[in-house]
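The notes follow in the order I checked things.

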Amino acid sequence: MVAFKLFLALAAVTSAFAHDHSERHHSRDLRIVGRKTSSIWRRQEVPGSGSEFQVLVDGNKAFKEADPALLKKLTDEGQEPPFMFLGCSDSRVSEGTVFRTQPGTLFTQRNIANQYNPTDPNAQSVLAYAVAELGVKHIILMGHYGCGGVAASIIPPPASVDAANGAVQAWIQPIREIFQSSSRPEIVTLREEIKAEANPEEPDVTNPGFRALVEENVKAGVGRIAADSVIANHFAAIAAGNSTTGAERRSGEGGPAEPVFIHGWVYDIANGEVRDLGISVGPPGVAIPQVPFARIAAAADKAAASRSTSAPAPAATATPSESVAVRCAEQCKTKRNFLPRNMY
Ligand SMILES: [Zn+2]
């Protein structure tokens, strides 16, 4: 009898563990760094499937059957992307999806809150390879409203952090410094509001200060890329007559090196819109192609004022009639027409 009761107890415990494991397996909660318990998000279930991976299997099947000729061409001839893209790791801002691009279009680096720091060998090596070897025409740094990394930079760090949280907190420190030092009115207001609260929560995606910080983080990143030695050397090579190694590799047949432009954009996760911050940088004396996305006026004005004092390479005024579409319609034909169709 005692043995039977013990068996029942063991069975109950085993069942409880099995149930608990199953529940966690299928609907695990994700705690967003810096968020309160009330902001915990629930992992999305994979719809209509018995396998967690089915959505990937189905997607890959459709993808590989869509344009096998393109895949073969890219394999045989290699990549020659016209764009380098630096964006956030956020699953909602996948560049291939947002711009509906084909393989071979965007040479990509993504990290939490789309940051660029010259002390980050990962990002710098991507930049170096994109500019000196692949010969990209445009470097796009794109932030996004509602960025979790930026939001976490607004509230004070947790009193105690584990290894995982500590790694993220260290990574977002540069954004935290922007938030603490920025004189932009929307950010100053938010900073005062956060200071006044005993237990501040991350602001809503629509909060003007939050949105401004997203934009300022992009502007800081564009400034750091423009100041990087990779770009400085490239601009110097163009100014000196296109005779350095990177320029020669890029021009292929010994022709002139081509200008590279750096752009700062922001993506709105709520409606899919891409906005131009109006802070594009290019080689001195070279007209910057017009970016065919709506400009964020306030940010553009502020950027124009600050660019005259902080930009390492003063940019020429954009020529209104010379749009990126016009330029790329010719230039990018040599790049095998991998531009998204809406650029033409
Ligand atoms: Zn983000």
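I began with the pairing of β5 (residues 138-144) and β6 (residues 261-267). The two strands run in the parallel sense, joined over seven bridges. I140 sits opposite H263 of β6. I keep in mind that this is a predicted model.

Next I looked up the sheet itself. I found an open sheet of five strands in the order β4-β3-β5-β6-β7, with mixed pairing. β4 (106-111) and β7 (274-276) are the edges; each has a single partner strand, so one side of each lacks a neighbour in the sheet. On average, neighbouring strands are turned by 25 degrees against each other, direction ignored.

Which strands does helix α5 touch? I noted that α5 (residues 121-134) packs on the sheet against β3 (83-88), β4 and β5. Its direction makes about 170 degrees with that of β4.

Then I turned to α10 (residues 208-227). Helix α9 (residues 185-196) packs on α10 at about 125 degrees, with the axes 8 Å apart. That angle makes α9 oblique to α10. The crossing is left-handed. From α9, I listed E186, I187, T189 and L190; they meet P208, G209, F210, A212, L213 and E216 in α10. I sorted the residues of this contact into six nonpolar, two polar and two charged.

Last, I checked α8 (residues 173-181) against α10. Their axes come within 10 Å and cross at roughly 115 degrees. This crossing is right-handed. I175, I178 and F179 of α8 make the contact with L213, E216, N217 and A220 of α10. I logged five nonpolar, one polar and one charged residues there.

Conventions. Residues are numbered from 1 along each chain as its sequence is written. This is a predicted model: local features need pLDDT of at least 70, side-chain atom pairs count only at pLDDT 80 or more; totals for chains, interfaces and linings use all residues. Axes are lines fitted to C-alpha atoms, for helices over the stretch in contact, and angles run from 0 to 180 degrees between N-to-C directions. Helices (H or I, at least four residues) and strands (E, at least two) are DSSP runs, numbered from the N terminus. Angles under 35 degrees count as roughly parallel, over 145 as roughly antiparallel, 65 to 115 as roughly perpendicular and the rest as oblique. A crossing is left-handed if the near helix is turned anticlockwise from the far one by less than a right angle, and right-handed if clockwise. Two residues are in contact if their C-beta atoms, placed from the backbone, lie within 7 Å. Ala, Val, Leu, Ile, Met, Phe, Trp, Tyr, Cys and Pro count as nonpolar, Asp, Glu, Lys and Arg as charged, and the others, Gly among them, as polar. Two strands pair if DSSP finds at least two bridges between them.
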